[in-house]
Amino acid sequence: MGGKPLQPGQSSNLLIFKRSIGLRLFSNSSNGHSFMVSYLINKCGFSPEMASRVSNFVHFETPEKPDSLIVFLENHGFSQTQIVKLIKREPTLLLSDTEKTLLPKLEFLYSVGFSRPELAKLLSSHSHLLKYSLKKQIIPSFNLLRDLFQSDDKTIKAIKRFAGILVYDSKSYLYPNMNVLRGNGVPESNILVLLNRYPRTFLYNPVRLKEIVEEVKVMGINSSTKKFLAAVIALTSMSKSTLERKFDVYRRWGWSDQEIHEAFQRYLSCIEVSEDKIMAIMDFLVNKMGYNSTLIAKQSSVLGRSLKRIVPRALFARELLSLGLVSNLTLSVLFDTSEKVFIRMFVDRFVNKAPDLLKLYKEKLKISEKKNRSELG
């Protein structure tokens, strides 16, 4: 309808024209990408690989906005390392209107008590905070925490420990998790201690936190104690499947579930030890040194010690027993004491009866070092 028919040669000319436009667009886009990568390398100190990756998330062809961000951050006390770290984490900030979107957030955080060095450290590690609305998210969350703690200082400390507490949805995480703890007899004062020192716990899935709290109660730990909080923290550091695998490792060594629970009560960190380390310590003490597995369950703190400590002391203790210098040694005395105290208790104490004990102990240390090196190799 309406147009004149193409004359001979016009279709090929039109195709050439379209290709020419396409090439110019591609050239402009390519030049823009090249400028951006060069800017990130030369101005921000990025590696070519990192610059190329970041360029997938932002696009700029002139330096005005990224220059503005860098100057803004420098003026607020950010080091070059912190600036690079922030841009790597949130490259879209390179396109920010610093005066309109970033400055009000920093000014608010200064006003509530953050120092410039504190804020530079916080935001370089948690730069996503700068993407959230000041009025809709940051201020309401800060005020909520301040109302709970009744203190700006405690609120700031909690945020410094885990900045995510400022931007998570309190209705979905904070309130339900506080209610889980209240409903299981945890005193309000202990809940606030936990929120201040381990705020990440309150951003856990409330359903899973409830399971963990019930698991800790089954283990026989009183929910009104600080130890209960420590147990909850220990279990939130791992997935449900990881916890079950660790239980299975202990069961393989003949521990009943009751013994596992009692070992955890005595020494909470025994559940945080890796499966490989549990196996290595149990194998050495039970199979090589002849200790009863149940004895280790009753003195579970040994599982938190390194083989570098356990091996030489166990070998040395065997020598002391064979020499008749000692008749009985508890695992906790043998492995939980500091090196200085151990030498005083088991080397210096018997120096008159056995002058070569220190030399013997040092030999056991060398054996342990060789064992560790061979295992690493």
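Asp-336 counts as partly exposed, at 28% relative accessibility (buried means under 20% relative accessible area, exposed over 50%, and partly exposed in between, with a 1.4 Å probe and protein chains only). The side chain of Asp-336 meets that of Arg-305 in a salt bridge, 2.9 Å from N to O (a salt bridge is a side-chain nitrogen of Lys or Arg within 4 Å of a carboxyl oxygen of Asp or Glu). This is a predicted model, where local features need pLDDT of at least 70 and side-chain atom pairs count only at pLDDT 80 or more, while totals for chains, interfaces and linings use all residues. Residues are numbered from 1 along each chain as its sequence is written, and side-chain values use heavy atoms, with hydrogens and water left out.

**Salt bridges**

- Side chains of opposite charge can pair when their charged atoms come close.
- A search of the whole structure finds 15 salt bridges.
- Arg-305, the partner of Asp-336, is partly exposed at 22% relative accessibility.
- Salt bridges that share partners join Glu-244, Asp-248, Arg-251 and Asp-257 into one network.
- Glu-244 is partly exposed, with a relative accessible area of 38%, and Arg-251 is partly exposed with 29%.
- Glu-188 forms a salt bridge with Arg-182, and their closest N and O atoms are 2.9 Å apart.
- Glu-188 is partly exposed at 36% relative accessibility, and Arg-182 is partly exposed with a relative accessible area of 36%.

**The buried side of helix α14**

- Which residues are buried in helix α14 (residues 257-266)? They are Glu-259, Ile-260, His-261, Ala-263 and Phe-264.
- These buried residues pack against α11 (206-218), α12 (226-236), α13 (240-252) and α16 (293-298) (contact means heavy atoms within 4.5 Å).

**A backbone angle to look for**

- Gln-150 is not a glycine, yet its phi is positive, at about 55 degrees.
- You can find Gln-150 in the loop between α7 (134-149) and α8 (152-161).
- Is Gln-150 buried or exposed? Gln-150 is exposed, with a relative accessible area of 66%.

Key:
Helices (H or I, at least four residues) and strands (E, at least two) are DSSP runs, numbered from the N terminus.
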